[in-house]
Amino acid sequence: MSPRRLPLHDEHVGLGARMTESGGWTLPLEYTGAFQEYRAHRRGAVVWDASDLGSVRVAGPGAFALVQRTFTNDLRRTGPGRSQYTFLLSASDGGVVDDLIVWWVRDDLFLLTPGRPDAVLAALRSGQDTGTGADCAVSDVSHGRVLLAVQGEEARARMSGLDAEAARLGPSRVRETRIGGAPGYVATTRFGGQTGFELHLPAAAARTVHRRLVGEGVVPAGLAMRETHRVEAGVPRHGHELGPGITPLEAGCAAAVALDTEFTGRAALLAAHRRGGRRILRSVLMGSRRPPSPGDPVLLADEPVGTITSGNYSPRHHRGLGLGFVHPEVPLGTGVTVRTPHGDLDGEVTTVPVAREAAR
């Protein structure tokens, strides 16, 4: 099957994007270069197209009950007009089926942005079959809409020209809006430690907004830049630090799991928790500029103690940097060896994300 194209595919190609295939989609890898786009994020503002994510609408009197019962976080910690990071877990082993953001737009309206929308839709409809949220409607509204992320040091200033009220929103907020002449939604997010925005807009309006942002100096950015920031920020990604057999507790995401509530996979997660952790997510800061790669073993005194899950060169630390699962008994600050196909690399097990003082 051919990879799917983003609604703004031609816009990206017209801007000189080098495209790549990822997750069944053709996506921009980079435009001017990953480092230039990284620097623009740190010093200015960037925009990227996140339309490969799904959009699932849950609306009606039973929407709260259905979303609350399906996912790991507790909606009672938040409220309408807020967003929340959460997980869909496997009922068999407590592993992560998907991670997603819940946008609680109004009392009876939720908008979800999952990476694996088919699995999320199936879980929600299964919940309805058991009687939870029977009086609400679950629908896939991904078709014909675009998700744009506006991120970076100057993201708030750039948003003020599009929607002054949205630009003043605090962390993890959601509001309905009109941008580019059409109704949509905007949410505040944090990527790489900075406040940014996600816009959920009809394709025609999104094209206008994207052109306006780029015309005002917001730099279009691709997957390569996002991966660099993700590894630096220690954000787990499905297929790397999240996935089948990996619990959110192992991935350091306990804050998004409310064990005192009922959710799909809770019993399996509690059972895994009682058995004790076999691994924990850590950063591995290399002693040189060479980055590790997913699958590289982490060794201590020539004995395996973990595996790299993601790796990249870190401009912030001026060294190679990896994320990986290691044995819980390996102390922070331990020197390790990462065995790559091209030779051994020295590294140090450290926090996720790496503390600023560890940078040279």
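**Labels and their cut-offs**

Modeller: Ala-91 touches Gly-265 and Ala-268, leaving aside residues up to four places away in sequence. To touch, or be in contact, means having heavy atoms within 4.5 Å. One caution: this is a predicted model, where local features need pLDDT of at least 70, side-chain atom pairs count only at pLDDT 80 or more, and totals for chains, interfaces and linings use all residues. Residues are numbered from 1 along each chain as its sequence is written, and side-chain values use heavy atoms, with hydrogens and water left out.

Colleague: Where is the place of Ala-91?

Modeller: In the loop between β6 (82–89) and β7 (96–106). Helices (H or I, at least four residues) and strands (E, at least two) are DSSP runs, numbered from the N terminus.

Colleague: Why is Ala-91 called exposed?

Modeller: Its relative accessible area is 61%. Buried means under 20%, exposed over 50%, and partly exposed in between, with a 1.4 Å probe and protein chains only. Ala-91 has 61%, so it is exposed.

Colleague: What makes Ser-172 partly exposed?

Modeller: Its relative accessible area is 30%. Ser-172 sits in the loop between α6 (164–167) and β11 (174–179). Its phi is positive, about 55°, although it is not a glycine.

Colleague: Is His-318 buried, partly exposed or exposed?

Modeller: Its relative accessibility is 38%, so His-318 counts as partly exposed.

Colleague: Which peptide bond is cis?

Modeller: The one from Val-352 to Pro-353, with omega near -5°. Pro-353 is in the segment after β20 (343–350). Most peptide bonds are trans.

**Two helices crossing**

Colleague: How do the axes of helix α2 and helix α8 cross?

Modeller: The axes of α2 (residues 34–43) and α8 (residues 223–233) come within 8 Å and cross at roughly 60°. Axes are lines fitted to C-alpha atoms, for helices over the stretch in contact, and angles run from 0 to 180 degrees between N-to-C directions.

Colleague: Why is α2 called oblique to α8?

Modeller: Under 35 degrees counts as roughly parallel, over 145 as roughly antiparallel, 65 to 115 as roughly perpendicular and the rest as oblique. Roughly 60° falls in the rest. That makes α2 oblique to α8.

Colleague: Which residues make the contact?

Modeller: From α2, Ala-34, Glu-37, Tyr-38, His-41 and Arg-42. From α8, Ala-224, Met-225, Thr-228, His-229 and Glu-232.

Colleague: How do the residues of that contact divide?

Modeller: Into four nonpolar, three polar and three charged. Here Ala, Val, Leu, Ile, Met, Phe, Trp, Tyr, Cys and Pro count as nonpolar, Asp, Glu, Lys and Arg as charged, and the others, Gly among them, as polar.

Colleague: How do you know that α8 is mostly covered?

Modeller: Of its 11 residues, 10 are buried. Among them are Leu-223, Arg-226 and Val-231. After α8 comes Gly-234, with a positive phi near 70°.

**Strands that pair**

Colleague: How many bridges join strand β17 to strand β18?

Modeller: Eight bridges join β17 (residues 303–314) to β18 (residues 319–326). Two strands pair if DSSP finds at least two bridges between them, so eight are enough. The strands run antiparallel. Thr-307 has Phe-325 of β18 as its bridge partner. α8 packs on the sheet and touches β17 and β18, with its direction at about 135° to that of β17.

Colleague: In which order do the six strands close into a barrel?

Modeller: β15-β18-β17-β16-β19-β20, with antiparallel pairing. On average, neighbouring strands of this sheet are turned by 40° against each other, direction ignored.

Colleague: What makes both faces of strand β4 covered?

Modeller: In β4 (residues 46–49), Val-46 and Trp-48 are buried on one side, and Val-47 and Asp-49 on the other. In a regular strand the side chains alternate between the two faces of the sheet. Four bridges join β4 to β10 (residues 145–151), antiparallel. Two bridges pair β4 with β14 (residues 219–220) in the parallel sense.
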